[in-house]
Amino acid sequence: MKVRIMASKACQCSSSLPRLFLMPRMSVQNMPTRGIKSISTPRPNRFNRGQNLPLLESTTAAALERKRFSTPLRSGALGTKKGMTAMYEPETGRRFPCTVVQMDRVQVVAHKTRSRNGYFAVQVGSGWKHPSNVTRPLLGHFAESQVSPKRHLVEFKVQDESGLLGVGEVIGASWFQEGQYVDARANSRGMGFAGGMKRHGFHGQPASHGVSLTHRAMGSAGQSQGGGSRVYPGKKMPGRMGGHQVTTQNVKVVKVDDEKGLVVLQGSIPGPDGCLVKLSDAIKKPWPNVPVNMLKAQPSAGFVNAIA
């Protein structure tokens with residue numbers, strides 16, 4: 001009798017419990033997992049989902065951080081190419097060519113800051129221009145900085161705000177040291193309309209054997225089928241040669257004359273005599289051994305209040 005009562009109670013309890021597939025899987029978390037554990041870090045997810053996503057690299061701050069190591073610590077300077085000469089090494093007596101660049105009233109005109117413009121830069125002006133030949137907006141820009149009207153205005157980017165010079169300070173030839181390396185930028189000499197052989201170095205057509213009157217011709221400009229029957233953009237063809245900015249890197253400063261404002265560079269630099277030259281510290285050489293806090297130019301001279 002007792003056995004039947006216990007069996008009936010067990011049947012009632014089993015009928016009241018839910019089925020196994022309806023019960024929550026509480027014991028699955030405690031079950032050991034089998035497999036091979038990777039020792040390398042997981043690959044980043046290329047989809048914009050989930051946690052631990054990498055920081056976006058398309059922002060302005062990320063772009064400035066990438067360009068930090070290729071941006072000079074201090075501002076550059078402007079000069080005028082006066083011509084070429086030669087010098088001799090005192091130890092070996094070797095004669096080498098050099099270029100003379102003269103700095104004419106180079107002065108800091110304005111600043112560009114990251115909070116206002118998105119980057120750090122120094123606006124430098126050189127030369128002099130009569131106020132009657134300057135537009136009124138630009139004349140007001142010079143008057144706000146208390147500098148005389150400049151003939152040339154160029155920006156030089158710097159890494160951070162420590163490279164910003166005071167507005168109105170003059171940058172002389174002593175801004176560069178003898179023995180350091182600079183990058184010289186200038187507009188190359190314009191050579192007018194030139195053919196393919198002179199402009200791009202084409203070899204030309206054969207001198208004989210079936211070629212008539214087309215020895216220096218360019219030749220075919222493209223295919224008639226299979227390429228769209230067109231001339232591809234960027235095709236090297238005859239055209240205007242020169243007249244664009246060219247950079248000569250790692251130019252050594254041989255001599256500096258601060259009194260006359262002369263900077264003598266070893267070798268040649270682009271541009272004809274009398275052209276504007278932009279000089280800055282070479283980015284592929286070590287920075288000049290000058291403390292950043294002491295990179296101050298000369299005080300402004302008497303031509304600061306030349307605006308009438």
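How many bridges join β9 to β10? Select β9 (245-257) and β10 (262-266), and you will find four bridges between these antiparallel strands. Strands here are DSSP runs of E with at least two residues, helices are runs of H or I with at least four residues, and both are numbered from the N terminus. Two strands count as paired if DSSP finds at least two bridges between them.

Before going on, a word about the model: it is predicted, residues are numbered from 1 along each chain as its sequence is written, local features need pLDDT of at least 70, and side-chain atom pairs count only at pLDDT 80 or more, while totals for chains, interfaces and linings use all residues. Side-chain values use heavy atoms, with hydrogens and water left out.

Stop 1: Now widen the selection to six strands, which close into an antiparallel barrel in the order β1-β2-β10-β9-β6-β11. From one strand to the next, the twist averages 50° (axes are lines fitted to C-alpha atoms, for helices over the stretch in contact, and angles between N-to-C directions run from 0 to 180 degrees).

**Stop 2: the core.** Next, show Ile171, Leu265 and Leu279, the residues with the most contacts inside the largest nonpolar core, which has 30 residues. Such a core is a set of buried Ala, Val, Leu, Ile, Met, Phe, Trp, Tyr and Cys residues joined through side-chain atoms within 4.5 Å. Buried means under 20% relative accessible area, exposed over 50%, and partly exposed in between, with a 1.4 Å probe and protein chains only. Among the elements giving two or more residues to this core are β1 (77-88), β4 and β5.

**Stop 3: the open sheet.** Move to β3-β4-β5, an open sheet of three strands with antiparallel pairing. β3 (107-112) and β5 (152-157) are at the edges with a single partner strand each, so one side of each has no neighbour in the sheet. Six bridges join β4 (residues 121-126) to β5; click Ser126 to see His152 of β5 opposite.

**Stop 4: a buried loop residue.** Select Gln159, in the loop between β5 and β6. Gln159 is buried, with a relative accessible area of 18%. Leaving aside neighbours within four places in sequence, Gln159 is in contact (heavy atoms within 4.5 Å) with Arg68, Thr71, Pro72, Leu73 and Phe120.
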